[in-house]
Amino acid sequence: MEFLIEPLRYSFMLRGLGGGLLTALACAALSAFVVWRGMSFMGDALAHSVLPGIVVAYMLGVSLFWGALGAAILVVIGIGLISRRGQLGEDAAIGVVFAGFFALGILMLSKVATFSDLSHILFGNILGVSSGDLVIMTVVVVIVLTGIILSYKEILTASFDPAHASAIGLSPGLVRYLILTMLALTTVVAIQTVGVVLVLALLVTPGAAASLVSRRLGRIIILSVIMSIVATIVGFYASYYADVASGPAIVLTLTVMFVLCGLYSLVRKVRQ
Amino acid sequence: MRLHYGGQCHLPAREGAAALQLNNVSHRYASTSEDVLRGVSLTVSPGERVALVGPNGAGKSTLLKLILGMEHLSRGTIDVFGRPATHCLHRVAIVPQRSTVDWRFPITVRQVVMMGRYVHLGWFKRPKPADFEAVGAALDTMDITELADRQVGELSGGQQQRVMLARTLAHDADLMLLDEPLNHVDITTQELIFHTLERITAMGKAVIVSTHDLGVLTVHFTRALFLDKRIIADGSPKEVLTPETIAEAYGFEFHKDYHPWNS
C-alpha cells in the first residue's frame, strides 16, 4: 500500500494521475471508432498540427488548451475543404495540412521557446497538469462520453452503411463532424499528458488491442477503456519509481497489452 | 447538411397515389458534362414488382438514389405515394449495393436489422418493445434468427444479403428499392428473396429491383424497365426482353432465334 500511496502525497502527482486517467478515458472511448472508421491518420494529424495554436497560446500567456483547440478546428475545416471537391483523396489532404501546420509550429516554437518546452509539448508533461487543466479535461470527458452514448446508434449506422444512413435522412457527414469534434477535443487535452507524438498511441492502440479479443463494438469500447486506465496507472508508477518519462511508459504498457491480446487471439485460433 | 432525421411521420400517404411517379427526370453529376438520366417518366403502382435492367453506367443506381433524395435532382419531379420521398422516408427503403457497406465493422446481425427501425426513432430515441418485435419477425422471415448474434462480416454473401433484406423488412416501407441484390448470392437465398418480395407485393407494397441477371426476369417480375440513360423499353418482361432491346442497350446482337429466358 505504501508503495502505491507514496507518490500521491504530492498534489502535483495526484493531479498528474487524475489528468492521465481522464485523458485515457476520453481517448479509449473513441478508440474503437478511430480504428474501425479508419481515422488514425486523422487523429495523428490533429495532434501534430495543433502545434502552432499551442505556441500562439504560449506567447499570449493563455491556456494552451484554447490555442490547441482553435488550431484543431482550423485543421478539420481545412482538410474538409481540400478533400470536399473530390479532386484529392482525404489522406492526401490530411498529409498536406498536417505537414504544413506542424512545420509552422516547429518554426514558431524555435523562435520563442527553449528545448525543454519543446520536449514537453512533443512528449507531454503529466506532472505539469494544473487544476484548471483538470477542469477542462473533466468537461471534455463528459462531452465525449455523452456524445458517444447519445449518438451511438447513429455512429453505428453511418459507419457500417453510409448509404442506409442517408436513405433514412441521417447525414453521414454530420456524424463524421460529430466524431471529428470529439476527436479534436480529446486530442487537445491528451497533448498535455502524453504529448503531440504519442497521442496517436492512446487513440489507436487500445481499440486495436481490444478488437483482437472481441468482435462486439460495445465490448471493444469497454475493454479499450479498462486497458487504457490500467496502462495509465502502470505507466504512472513506473515513471515515478524508475524515473522515466510518463508518456512513453504509458504507451509502452499499452503496446505490451496489444502484443498480449495478439498472442491470446493466436492461441484461441490454434485451439479451434 | 440536415441535422434532423427520422421520428414520427406526420404526412399520411395521398389516397390513390402511385407508389412512385417520375416526371421527366434528368440528372447530371457535378463532375461530369453528360446527363446520366435523360427525360425519364414512369409510374409504378402498389403491388408491382419491377425489374430495372440495363448495362453498367445506365443510371440504375442513380435512379434509385434520386428516388430516396440521396442525390440532388437536376430536373423533373419524383413523388413517392404522392409526395417527395424526403417528406417521409418511412415509406421507402433501399438495400444498397454490397460495395457501399463496411462489412468488417464490428456489428452483429441483430444490430444491423435494428437499423431498419431507426427511421421511426430519430435522434436520442431508444428502440421500444415494438421495434424489437419487428426485428425478431424480420430475422424469422429471412431465416437468420440463429445468426442474430454473429458479426455480419463472418457470414457468407448470401447470408449477408438476407440480413440486408431483413433490415428493409424491419423498416416496413411501402416502396422497396433493391440495388443489385442478387450479386454473390446462393440459389436458396435468391429463392427466399423472391418469395419474400412476392409476399410483400401481394400486401400492396411496390418493389423495384435493379439486376444484371436477365434470366430471372420473366419468372419473378411483373414488369421490366430497360434503362440506358433513358427508358428503352417498359412493359411485361417478355415484351421488354427482345433481342432488339438487348442489342440497343448492350450494343451486341444475339442470334435471331436466341431468347434469354428459354435458352
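User: How many residues of helix α1 (residues 60–68) of chain B are buried?
Analyst: In this predicted model, B:Leu63, B:Leu64, B:Leu66, B:Ile67 and B:Leu68 are among the buried residues of α1(B), and so are B:Lys60 and B:Lys65. A residue is buried if 20 or more other C-beta atoms, placed from the backbone, lie within 10 Å of its own, exposed if 12 or fewer, and partly exposed in between. Helices (H or I, at least four residues) and strands (E, at least two) are DSSP runs, numbered from the N terminus. The helix is mostly covered, and the buried count of its nine residues is nine.

User: Which residue just after α1(B) takes a positive phi?
Analyst: Residues are numbered from 1 along each chain as its sequence is written, and chains are lettered from A and ligands numbered from 1 in the order in which they are written. As the model is predicted, local features need pLDDT of at least 70 and side-chain atom pairs count only at pLDDT 80 or more, while totals for chains, interfaces and linings use all residues. Just after α1(B), a positive phi of about 75° belongs to B:Gly69.

User: In which sense, parallel or antiparallel, do strand β3 (residues 49–53) of chain B and β8(B) pair?
Analyst: Two strands pair if DSSP finds at least two bridges between them. Here there are four bridges, and B:Val53 has B:Phe226 as its bridge partner in β8(B). The sense of the pairing is parallel.

User: Which residue is in the turn between β8(B) and strand β9 (residues 230–235) of chain B?
Analyst: β8(B) and β9(B) pair in the antiparallel sense over five bridges, and the bridge partner of B:Leu225 in β9(B) is B:Asp234. The two strands form a hairpin with one residue between them. With a positive phi of about 70°, the residue in the turn is B:Lys229.

User: What is the radius of gyration of chain A?
Analyst: Chain A has 13 helices and zero strands. The globule rule (2.2 Å times the number of residues to the power 0.38, for a radius taken over C-alpha atoms) gives 19 Å for 272 residues, so chain A is as compact as a globular protein of that length, its own radius of gyration being 19 Å.

User: How far apart are the end C-alpha atoms of helix α6 (residues 90–112) of chain A?
Analyst: Buried residues in α6(A) include A:Phe98, A:Phe101 and A:Leu109. The expected span is 1.5 Å times one less than the number of residues. The 23 residues should therefore span 33 Å, which agrees with the distance between the end C-alpha atoms, 33 Å.

User: How many nonpolar residues are on the side of chain B that touches chain A?
Analyst: Counting residues whose C-beta atoms, placed from the backbone, lie within 7 Å as in contact, the contact takes 27 residues from chain B and 25 residues from chain A. On chain B, β5 (92–95), α2 (109–114) and α3 (118–121) each supply at least two residues. Seven are polar and two charged, and the nonpolar number is 18.

Terms used. Contact = placed C-beta atoms within 7 Å. Nonpolar A, V, L, I, M, F, W, Y, C, P; charged D, E, K, R; others polar.
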